[in-house]
Amino acid sequence: MHSAYTGWPNDSNNRAWEELIRPVVFNATAEEMILAGEPLDDSVRLPAGGYLGSLGVYHELHCLRRIRLWLHRDTYYPNATRDDELFMQVHIGHCIEVLRLSAMCTADLGLYSFFWSSSDALKPTARSSAPRKCKRWSQIDDWTRERMLPNTHAPLLKGD
């Protein structure tokens with residue numbers, strides 16, 4: 001399956017991924033934090049009011065992007081040191097766990113069947129015609145983009 005996010009690294013799929021995860025952090029209100037069960041006392045407060053927030057889906061997309069970047073590390077991390085590799089192993093291990101939990105929590109129950117793509121195929125090919133019940137991504141993305149923070153954490157560092 002081909003999409004704007006697949007294929008060997010190129011300017012087009014790099015831009016698509018960057019735009020997809022751009023609203024990774026946003027300004028969450030105190031009411032939203034409380035409704036989500038998040039404590040206010042030690043959460044990062046923003047200088048203009050509100051709290052540093054992110055939706056789980058953007059964490060998952062960040063993780064998928066991070067795995068993609070590491071898969072193509074010769075392009076994205078050509079000068080990676082041994083310390084960089086160790087850090088990425090831990091980070092990607094965390095990302096795999098986040099994605100495992102998400103997959104199990106949302107459990108796509110669409111049935112897959114298999115077919116022989118040719119008489120000499122070594123293994124069957126998977127397919128699914130099962131309908132999916134998806135969220136309306138444009139509504140989620142629009143809501144987050146209206147409240148997103150710049151993709152920098154620099155102004156949020158302690159002491160600034």
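Start with tyrosine 58, which touches Leu20, Ile21, Pro23, Val24, Trp137, Ile140, Asp141 and Thr144, leaving aside residues up to four places away in sequence. Touching, or contact, here means heavy atoms within 4.5 Å. This is a predicted model, where local features need pLDDT of at least 70 and side-chain atom pairs count only at pLDDT 80 or more, while totals for chains, interfaces and linings use all residues. Residues are numbered from 1 along each chain as its sequence is written, and side-chain values use heavy atoms, with hydrogens and water left out.

**The core**
- Tyr58 also sits in the largest nonpolar core, along with Trp17, Leu20, Ile21 and Leu61.
- A nonpolar core is a set of buried Ala, Val, Leu, Ile, Met, Phe, Trp, Tyr and Cys residues joined through side-chain atoms within 4.5 Å; buried means under 20% relative accessible area, exposed over 50%, and partly exposed in between (1.4 Å probe, protein chains only).

**Arginine 147**
- With 18% relative accessibility, arginine 147 counts as buried.
- Its side chain makes a polar contact with the side chain of glutamate 32, at 2.5 Å.
- For a polar contact, a pair of N or O atoms must lie within 3.5 Å; within protein, one must be able to donate a hydrogen and the other to accept it, and residues adjacent in sequence count only if both atoms are side-chain atoms.
- Arginine 147 also touches residues including Phe26, Asn27 and Ala28.

**Alanine 107**
- Although not a glycine, alanine 107 has a positive phi of about 20 degrees.
- Alanine 107 is partly exposed, at 37% relative accessible area.
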